[in-house]
Amino acid sequence: MTPPALLGLAVADPLPDIMQHTPPRRGLMGLARRNVPASIGAVLLIVLTGIALFAPWLGTVDPLAISPTLRARVPSAEHWFGTDMLGRDIYSRVLYGARVSLFVGFAVAVLATAIGAAIGMTAGYVRWADSPIMRLMDAIMSIPSILLAIALVALTRPSVGNVILAIAVAEIPRVARLLRGVVLSLRELAYVEAAVSTGSSSAKVIWRHIVPNTIAPVIVQATYICASAMIVEATLSFIGAGTPASIPSWGNIMADGRALWQVKPHIVLIPAVFLSVTVLAVNMVGDGLRDALDPRMAKTV
Amino acid sequence: MALLEIENLQTHFRTSDGINRAVDGLSLEVRPSETLAIVGESGCGKSVTSMSILRLLPENITKTAGSIRFHGRDLLKLTESEMRGIRGNEISMIFQEPMTSLNPVLTIGRQIRETIALHRTVSRAEMDGRAKDMLALVGIPDPARRLQEYPHQLSGGMRQRVMIAIALACDPKLLIADEPTTALDVTIQAQVLELLADIQAKSKTSIILITHDLGVVAEIAHRVVVMYAGRKVEEASVEDLLTRPRHPYTVGLLGAVPKIGVGGDKMRLVEIPGLVPNLKQRIAGCVFANRCPKARDLCLEFAPALEQKAPAHVVACHFAEKEGLAA
Amino acid sequence: MLKFAVRRVLSTIPVMALVAFLVFSLLYFAPGDPALLFAGDSATPQQIEEVRRNLGLDQSFWVRFGSWLWAVLHGELGVSMISNVPVATLIRQRIEPTLSLMALTLVWAVTAAVPLALISAWKQGTAIDRGIMGFGVFGFSVPIFVLAYCLSYVFAVELRWFPIQGYVPISRGVGPWLNSLALPAFALGTSYVALISRIGRAALIEILQQDYIRTARAKGAAPKEILFDHALKNAAVPIVTVIGIGVGLLIGGAVVTESVFALPGIGRLTADAILRRDYPVIQGVVLLFSFTYMLVNLAVDLIYPLFDPRIRY
């Protein structure tokens, strides 16, 4: 091509770059790099789940075996985390205790989310049911959640199942409220209205249009419920109203250690660290999911 | 001497998928007591230019180069606190969105007084008096009562007048009006433009008027800069530009102005075909080449420099004819 | 304005009634026969029957609910099955430590949380922000009693700065009173601080992107004025809302905190009642706490217009 000068053209000088672009990393590593806390949380959760599942094969002994001669020992080669007041091996109890915490957290999250979602969608979709359902939800939410769970377990025989139910009841209204809000805003949208007016059945409209749009906020909410359920379970067990004493749970181990707290703090401290780390891991995963699934919600919550 | 001289301004943003070269090599000047219009489609960099002058862009994702000299001082080199002394005091700005640009929880009076308090040491009574005068100046009836009211109690046109009052409270040398009438309905638009023209005539404030509407330009501007893809493509006096546009983009823009023709209510609206180029990629040739009816191969290769093609008329196009200039 | 406030107040009545109904049902369906407990182990069947009639236990559900509600409205919450003391008396005896703990916690938590939210929002995305928010997640994740024990081990057992347990009434001096509540209030307030600062930060970040903040910057306002005069005023409504909602957290937390630090308050009363299955006490306390919580949130709703002139009652 002919140089521009020969054509008599005035050519603009090219401008410098004043900023450098660094393209984001792709793939799994890129994802992990962008969500460091969530990745740490996920890894921790996987490890803790592994511990819970494989507790019998991780060098544990019977967590209920009492040995009166070995009471309240500090950690040693024999008993890595020491022993409690009854001489039970704390390492074994803590590992088995992971099962209760994780199971309760998971079960409450699933149960509360499923029931709450069903209630919330009904309230949002069926006009006449909205007001009575939501007043009931308001009433349940007016009772501070730990207090409600406490009152409910006090009514029943202590068992893991009852603890799960009691905690779930207190969480249901929060899910219901969230879902109702989402459904109410969605039903105003053109495509849902169109589906309704063209005579699609309610069930079909809910399934096709509303359910897919609610999945992201529900998953995020479920993670937070899981974290809070683990705290409430431990709290209930700690004050003696939760998981039966015969089942080792982190809350129970801590409750057992209360009396010796000032002299043998490790009995309380070790399960406390496990519990806090687990809840932290779930919360970090929850925050990561929230940022990833719903950028709008990331700003508001 | 020019009041404001922008030279080779580059304002770039970091985004997740590349660097957005929103303003790239813009030069212009604003003279004392003139109204300079910056015209272009949305995304051409005109608002970014105005935000760059006041340095209101988010610093963590923005970088600027070049110079913006105001009274001979380069604004880009001032410290943040020196810059604060200029904002609202020597250079003021009014925005496109009168409905959301006022703080909903503060009274109108408080919001006008704030500007005065930031830049002047005067008593509360003086500030109140000044605030009342400003509201009267921008044509708000019953100013004493309005001072006590909150933005939601005012209409959109009223709120834009309040914005103007705030902007003028410290007698700025330069007022930047970014699409001041776009959000308003037609009759209110005319009133606000008239108000701006009045103020200009009275106070000799220079105005940079940013708009996409050549009708607005015709009404109050003295000179016009046409921007496209972050660059200036043409600059001329209003009459010259509206009657004898030389850049194919300006020609297209003028075609896009709805005109009420001689045939009664027949409206002509010519769209410029094609899309604005992606500013995240470097453009080798002329930025307008992909949409230009006159473009040839060499336009894709060589970016045209700004050249004087007629007296006081600068164009960046290889094919704009020269005229009226001594060889 | 007044009309709306009245309507808002009236609208809480059905919800309160519903709460009362739920709480009553809890006791009604509680296992065990209260008549047996009251009559004692050596009672004859006739005596038990008489106690049952005296307590009105032979009446239908609705009649019993009605008379219970009537009593509640007159400030009678039943009688403890363990100590035979009226529940209302038990609550009155124990209200001071609980009120003190909550008030102190509320004050320090709000004082700490609002500046944290402001700094975090202003420095959004920086290491400072990440640090504060990291602390927030941590505050959510460590159960109150765990924190309580850690604090008490370090500051009471080891350093001996504060008493390990117990409560000193305010009548014996503000200094000792504060000293006895410092650790409990800190333990109880941490998650509350996390909650308020997190919600406050989110609200402020959204506000800082608003057009009127840009206007303020264009006026030449400095960060101080932008944050305090413009952003914080607009964030007041979400912040007071979450302060109100968080009171629920404080109430639940008080039960645990008072147990750990042996504060003779209503929370401790609750924990003890649960262990002994003292249903009338559980019922009375749950009702009291729920109503308090509702009234706090009602009050929060009613003060909105102070912060936002657009909200008119």
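Author: Let's begin with contacts, meaning two residues whose C-beta atoms, placed from the backbone, lie within 7 Å. In chain C, 71% of the contacts with a separation of 6 or more come from residues 24 or more positions apart. This is a predicted model, where local features need pLDDT of at least 70, side-chain atom pairs count only at pLDDT 80 or more, and totals for chains, interfaces and linings use all residues. Residues are numbered from 1 along each chain as its sequence is written, while chains are lettered from A and ligands numbered from 1 in the order in which they are written.

Reader: How many helices and strands does chain C have?
Author: Helices (H or I, at least four residues) and strands (E, at least two) are DSSP runs, numbered from the N terminus. Chain C has 12 helices and zero strands, and its C-alpha trace spans about 85 × 55 × 35 Å along the principal axes.

Reader: What share of chain C counts as buried?
Author: Buried means 20 or more other C-beta atoms within 10 Å of a residue's own, all placed from the backbone. That holds for 42% of the 313 residues of chain C.

Reader: And what is the strand order of the sheet in chain B?
Author: Strands of a sheet pair through backbone hydrogen bonds, either parallel or antiparallel. Pairing here requires at least two bridges found by DSSP. Chain B has an open sheet of four strands, order 2-1-4-5, with antiparallel pairing. Strand 2 (18-30) and strand 5 (73-74) of chain B are at the edges with a single partner strand each, so one side of each lacks a neighbour in the sheet.

How values were computed
Buried ≥ 20, exposed ≤ 12 C-beta atoms within 10 Å, placed from the backbone.
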